[in-house]
Amino acid sequence: MMLKKSAFYIFAVLFVFAGQFLATRGLVTGQPPLIAQTTLSNRNPMPLVAKGPALIYFWAEWCGVCRGMQGNISAVLRDIPGITIAVRSGNDRQLAEYLHKNKLEWTAVNDQDGGISQQYGVQAVPALFFLNGQGHIVFTSAGYTSEWGLRLRLWLSGLL
């Protein structure tokens, strides 16, 4: 009985890691691609994540999982530098209204045509990029991530 239980848990862990590997394959690591577009507040986003640990978060207003992560992202971005990239979420006015309505005080870049997400290899949202102290992407993640999962990866990023 104990052996069956252990085998089940090992299989479950391997299944989760395999799923995460498939979801994140193709996401950029190392030097982050330049984001030439300014934030909604007309700032250059790259200096905001030049020194880490820092977070680049790709999301969309139409994404249910992203809505479920809003509190986690907001809590982390109060403590850690980061930028958010809104993928195909309307024009600047619509995006600003969405952020205001949902009380999201995020530094946001509007990736209206999906060009920035393509540069980063993002196939689906939410997608997260964790940067170390030198501003290099050292971890990526796709799908829902808890606040503690975000904080753990950022802490580990700071060690690399």
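Reader: Is Glu97 buried, partly exposed or exposed?
Author: Glu97 counts as partly exposed at 44% relative accessibility, where buried means under 20% relative accessible area, exposed over 50% and partly exposed in between, with a 1.4 Å probe and protein chains only. This is a predicted model, in which local features need pLDDT of at least 70 and side-chain atom pairs count only at pLDDT 80 or more, while totals for chains, interfaces and linings use all residues. Residues are numbered from 1 along each chain as its sequence is written, and side-chain values use heavy atoms, with hydrogens and water left out.

Reader: Which side chain meets Glu97 in a salt bridge?
Author: That partner is Arg93, at 2.9 Å from N to O, a salt bridge being a side-chain nitrogen of Lys or Arg within 4 Å of a carboxyl oxygen of Asp or Glu.

Reader: And how many salt bridges are there in the whole structure?
Author: A search of the whole structure gives three, and Asp79, Glu147 and Arg151 are linked in a network of them.

Reader: What are the N to O distances there?
Author: Arg151 meets Asp79 at 2.9 Å, and the closest N and O atoms of Glu147 and Arg151 are also 2.9 Å apart. Asp79 is exposed at 52% relative accessibility, whereas Arg151 is partly exposed at 21%.

Reader: Switching to cysteines, how many disulfides are there?
Author: The count is zero, taking a disulfide as a pair of cysteine sulfur atoms within 2.5 Å. Cys63 is buried with a relative accessible area of 7%, and Cys66 is buried at 1%.
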